[in-house]
Amino acid sequence: MSMLKDPSSKYRAFPTIDIPDRTWPSKTITAAPIWCSSDLRDGNQSLIEPMDAVKKLRFWKTLVQVGVKEIEASFPAASQTDFDFVRTLIEGNHIPDDTTIQVLTQGREDLIERTFESLRGAKKAIVHLYNATSPSFRRIVFNQDKDGIKAIAVNAAKLSSNTQPCSRTPSGPSNTRRRPSAPPNWSSPRKSATRSSRSGTRRPSTR
C-alpha cells in the first residue's frame, strides 16, 4: 500500500471545547505540524553510556534522512562535547537549508552567551530557554516567589534578544528564532508559573 501524499488528511479533528477565557480549546489543527526531535539531547542525557560525537553525528544524519525539520541537537553550555557537536554540525555543513537546529539552555546569562557562541555561523536556529517553575525549585533552588520566577524568564528572553553572535553569516543575516521560556517540571497538580512560547504555530515534540 502506497503512502498518502498528505497522511494528516486521514485523521478526524478532535472535538473542540468552548471555554470563554481561553482561545486554543476551540481551535483545531488545520495543517500538519512541524515535528521537533529532542532525541539527541534528552536521549543522550538518560543513557548510562552517553553517545560520543561519532554516534551523535550518525543519529543526526538519520533524523535528517527521515525528514525531521527541527532537531534539538544538544545542551551546548552543559559540556564541551555538546558544544563541539554543534560546531561540527555547522562547520561541517551537516544542517540542510530546510532543517533548523535547536539547542537548549537555562535562563542564565553566562549559559545563554555560551549557547549563542556555539551557534556562530548557523543560518538559522532555535534557542530553547528554560527555568524550573515547580514549588520545590522556587523555594529551595531559586528562593523566589512566582513573580521572581517570571522575572527570570523575562530577563532570559531579553538577554537572548541582545546576544546574537550567529546573526551574521558570510552570505548575510541569518534567520534566528527563539522560544523565550519553558518550565521543565512541576511538583504539584497546580501550575506554578506562566508559560510563554515563541510566537507562531505551536509545535509538538517527540519527547
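Select Phe137, Ile140 and Val141. In this predicted model, these residues make a nonpolar surface patch of about 290 Å².

Is Ile140 buried or exposed? Its relative accessible area is 61%. The cut-off for exposed is over 50%, so Ile140 counts as exposed.

Next, step to Asn143. You are in the loop between H5 and helix H6 (146-162). Check the backbone here. Phi of Asn143 is near 50 degrees, a positive value in a residue other than glycine. Most residues other than glycine have a negative phi. The side of the chain you are looking at is open: Asn143 has a relative accessible area of 66% and is therefore exposed.

Jump back to Asn93. Where is this residue found? Look in the loop between helix H3 (80-91) and strand S3 (100-106). Asn93 is not a glycine, yet its phi is positive, about 55 degrees. Its relative accessibility is 68%, so Asn93 counts as exposed.

Finish by colouring the chain by confidence. The protein chain averages a pLDDT of 77, and 75% of the residues score at least 70. Select residues 166-175. Here pLDDT stays under 50, and the model has 21 contacts for this stretch beyond four places in sequence. Then select residues 186-207. Over this stretch the pLDDT is also below 50. How many contacts does the stretch have beyond near neighbours in sequence? The model shows 50.

Technical notes: Residues numbered from 1 in each chain as written. Predicted model: local features only at pLDDT ≥ 70, side-chain atom pairs only at ≥ 80, totals over all residues. Heavy atoms only, no water. pLDDT = per-residue confidence, 0-100. Contact = heavy atoms within 4.5 Å. Patch = residues over 30% accessible without salt bridge, like charges linked within 9 Å, V, L, I, M, F, W, Y side chains within 5 Å. Areas by Shrake-Rupley, 256 points an atom, 1.4 Å probe, with all protein chains shown as cover. Salt bridge = Lys/Arg side-chain N within 4 Å of Asp/Glu carboxyl O. Buried < 20%, exposed > 50% of the residue type's maximum accessible area, 1.4 Å probe, protein only. Helix = DSSP H or I, 4+ residues; strand = E, 2+ residues; numbered from the N terminus.
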